[in-house]
Amino acid sequence: MQQKQVNAVVITQAHEVSCQPHKVVWEADQVLVKVERGGICGSDIHYFLHGRAGMSVLKAPMVLGHELIGRVEQAPAESGLHAGQLVAINPSQPCRRCTFCLEGQPNLCRAMRFMGSAQFFPHVNGGFAEYVAVPPEQCVPYDPQADARVMAFAEPLAVCIHAIRQAGDLVGKKVLVTGAGPIGCLVIAAALAAGAAHITATDLSERCRALALEMGAHAVADPRDEALTAEWTENGGVFDASFEASGAPAAIAALVAYTRPGGTLIQLGMGAPEINYPVGSLLVKELALKGSFRFNGEFETAVRWLESARINPLPLLSAEMPMQEAAEALVLAADKGRAAKVQLTF
Ligand code: ZN
């Protein structure tokens, strides 16, 4: 076993985040990566604002961060990785033994140790640190010519590619995306890349709607514009596939009305533990409702799509800040009126 003293972005409780010394420990079969850049995700923001993300409650100090890229510092000889190589880090650490893992759905693994998550205790530290140690399977090498700012979107893009796969074939389809934060916007870009014919996006924020257009949406709307949304209920609904990326109760319920009979609803947005759901309409319209959680092999697909410029996520990048300013970066990232994605540099 080896160890190294590094600086890391640690959260101790809501609103208390600081850059402090942290010990990285690793075994001979692990890869030591010098972290270069990391994106701030919605869950990092939830831990910062509320001390919890969904059902995961912070009970002890934890290193934040799971959208990471870096450079291999040290790798086991048999891993195929070598020092100096640039890699995107897949933050999923499934058990690799259970039924879900063996059937190719590790995202459903009940023992998944996801980086920067307080789901289990002791918590799994994230990678907002100068160095991180991970198994070789979590490192996906990428073309050194690629832009680091772009590659740091691999993890959120993987979430979105998984979501469009959950919806099935999108070629020629009419798509609705509710919520145009970074995830909603990457769903738009991924749906477009997957062949969707027309994409409409909604968001309460004008700034987010403008970003949705930049990311490839053909039309945008304020969900409070009832004259417009009334048109979406004609003939029992107009969208073939709808993606809910806001977590807002009103949006979750409204999608049942806007989606055409026989259509598909994909739930991506967290939040709203209890809502008044129109179950009757769901069944008479034979809508397929599916959740979408994290990703599997889509992580590597996301790396390839970014490396080859199939998708350009840069309109979503609002700021880059050094790790020492992590607390300020989290405040900025939490302010939807000012920022979409904020990245930290290490
Ligand atoms: Zn498993």
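This report covers the overall fold, the domains, the nonpolar cores and the zinc site of a predicted model.

Residues are numbered from 1 along each chain as its sequence is written, and side-chain values use heavy atoms, without hydrogens or water. Local features need pLDDT of at least 70 and side-chain atom pairs pLDDT 80 or more, while totals for chains, interfaces and linings use all residues.

**Chain and domains**

The protein chain holds eleven helices and 18 strands. These are DSSP runs, numbered from the N terminus: helices are H or I with at least four residues, strands E with at least two. The radius of gyration is 20 Å, close to the 20 Å of the globule rule for 346 residues, so the chain is as compact as a globular protein of that length. That radius is taken over C-alpha atoms, and the rule is 2.2 Å times the number of residues to the power 0.38. Of the 346 residues, 50% count as buried, meaning under 20% relative accessible area with a 1.4 Å probe, protein chains only.

Domain bounds come from an automatic or database domain assignment. A contact means heavy atoms within 4.5 Å.

**Nonpolar cores**

A nonpolar core is a set of buried Ala, Val, Leu, Ile, Met, Phe, Trp, Tyr and Cys residues joined through side-chain atoms within 4.5 Å. The largest has 57 residues, and L157 and F243 touch the most other members. Helix α4 (residues 154-166) gives the largest share of this core, eight residues. Domain 1 and domain 2 both contribute residues, so this core lies between them. Another core, of 36 residues, lies apart from it; I11, V31, V134 and L330 are among its members.

What does L157 touch, not counting residues up to four places away in sequence? L157 touches L186, A190, A302, W305, L306 and I311.

**Zinc site**

The SG atoms of C95, C98, C101 and C109 coordinate the zinc ion at 2.3 to 2.4 Å. Donors are N, O and S atoms within 2.8 Å of the metal (3.2 Å for Na, K and Ca); water is not among the atoms, so sites may look incomplete. The donor residues follow the spacing C-x2-C-x2-C-x7-C. Angles among the four donor atoms run from 106 to 116°, and the site is tetrahedral; for four donors, that requires all angles between 85 and 135 degrees. C101 counts as buried because its relative accessibility is 13%.

Key. Four donors count as tetrahedral if all angles lie between 85 and 135 degrees; four count as square planar and six as octahedral if opposite donors are over 155 degrees apart and all others between 65 and 115; anything else is irregular.
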